[in-house]
Amino acid sequence: MTAIKFDQVSKQYTKGKKLLKEALIEVARFKRAEQFWALKDISLAVEPGEVVGVLGPNGSGKSTLLKLIAGVTEPTTGLVTVKGRIAPLIELGAGFHAELTGRENIYINGSILGLKIKEIDRRLKEIIDFAELVEFIDTPIKHYSSGMYMRLGFSVAIHVDPDILLIDEILAVGDAPFQAKCLRAMNQFKNQEKTMVIVSHASDLLESFCTRGLVIWQGSLAFSGPMTEALKEYRRLLTEQYGNHFNHGYHSHPE
C-alpha cells in the first residue's frame, strides 16, 4: 500500500501580509490580492520504506510539499493521500507552547502525534534523555535556544514510533555531536523500513542516506528518480540558472 500519494496537487497562496486597513481599501477598490502557486500539478507516490530526499532552491515549494504531507495545509486542487502515523519536523518549535515547560510540551506534542498519556508516561525518560535536556525539562521553553528546541522536537518525533518521518532542514540547527546522534536514529528508522522524506541542501547526506530523490523547481516536479541522478539534475538546473555561482545554495553536510 502506497504511503504517500499526490494526485495532480497544486497549492496557491496570497502574496504578502497586509494590514486590515490596506486590505479593506483593496476590497473597496475591487482589487484582488495577488496570488502565486507554491506547487503546480504535482503527482507522485512514495512507497513504505522509501527514504526520499527533496532538492530545490529556497522558495521552490519544498516546505509546502512537506506541509501538505503532514496535513498542516490543504491543497488548492488535487488530492493528497497519506497512510500511517506522521511525525513532522518541518518548522522549529512547531506544535510547542512557549509558556509551558519542556515536560508539558512533550505531553502536548506526543498527544498531537497520536500517543495516549500512558504511552507518553512510558517513553518520557527516553525522550528527555535523548534530547539531553534533563536539567532544563521543567523550564518554560521560551527560554530554550534553537538547538534545544530542535533536540526536544526531534526526540519527541522519533519516540512516537511514526510510520512516516518528515524532516525539513532540522539538522542544520544544533551542534555536531547531536546531529550525529540524530543521524544514527534516522539510520535505525531506515533499517526498520520506515518511510522518510527529507528536505536538505546537504548533498552528501542525501546521497548517502536516500534511496530516491525529487527535484522541485519553481513549484513543479522537475525530476523523480535515483538520488544520484536527482543530484546531477539539480546541479544542471542550478548551473543553467546561476552559472558556476550556485554553491551558496548547495553544499555538503558539515561534519
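User: Is Cys 210 buried or exposed?
Analyst: Cys 210 counts as buried because its relative accessibility is 9%. Buried means under 20% relative accessible area, exposed means over 50%, and partly exposed lies in between, with a 1.4 Å probe and protein chains only. Please note that this is a predicted model, in which local features need pLDDT of at least 70, side-chain atom pairs count only at pLDDT 80 or more, and totals for chains, interfaces and linings use all residues. Residues are numbered from 1 along each chain as its sequence is written, and side-chain values use heavy atoms, with hydrogens and water left out.

User: And what about Cys 182, buried or exposed?
Analyst: Cys 182 counts as buried, because its relative accessibility is 0%.

User: How many disulfides are there?
Analyst: The count is 0 disulfides, where a disulfide is a pair of cysteine sulfur atoms within 2.5 Å.

User: Let us turn to helix α8. Where is it, and what is its span?
Analyst: Helix α8 covers residues 227-242. Helices (H or I, at least four residues) and strands (E, at least two) are DSSP runs, numbered from the N terminus. The 16 residues of α8 should span 22 Å at 1.5 Å a residue, and the end C-alpha atoms are 22 Å apart, which agrees. The expected span is 1.5 Å times one less than the number of residues.

User: Which residues of α8 are buried?
Analyst: They are Met 227, Ala 230, Leu 231, Glu 233, Tyr 234, Leu 237 and Leu 238. These residues cover an arc of only 165 degrees around the axis, so they lie on the same side of α8. The arc is that of the directions from the helix axis to the C-beta atoms.

User: What covers them?
Analyst: The cover of the buried residues of α8 includes β3 (51-55), α7 (203-209), β8 (212-217) and β9 (220-225). Contact here means heavy atoms within 4.5 Å.

User: What follows α8?
Analyst: Gly 243 follows α8, and its phi is positive, near 75 degrees.

User: Changing topic, what is the strand order in the open sheet of 3 strands?
Analyst: The order is β2-β1-β4, with antiparallel pairing. The edge strands are β2 (35-46) and β4 (77-82), each of which pairs on one side only. Two strands pair if DSSP finds at least two bridges between them.

User: How many bridges join β1 to β4?
Analyst: Strand β1 (residues 4-14) is joined to β4 by 5 bridges, and the two run antiparallel. Opposite Asp 7 stands Leu 79 in β4.

User: Which helix lies across those strands?
Analyst: Helix α2 (residues 62-70) lies across β1, β2 and β4, and runs at about 120 degrees to β1. Axes are lines fitted to C-alpha atoms, for helices over the stretch in contact, and angles run from 0 to 180 degrees between N-to-C directions.

User: How many residues of β6 are buried?
Analyst: In strand β6 (residues 164-168), 5 of its 5 residues are buried. Ile 164, Leu 166 and Asp 168 point one way, and Leu 165 and Ile 167 point the other way.

User: Which strands pair with it?
Analyst: Strand β5 (residues 86-89) pairs with β6 in the parallel sense over 4 bridges, and Leu 165 in β6 is the bridge partner of Ala 87. Strand β7 (residues 195-199) is joined to β6 by 5 bridges, and these strands run parallel. The bridge partner of Ile 167 in β7 is Ile 198.
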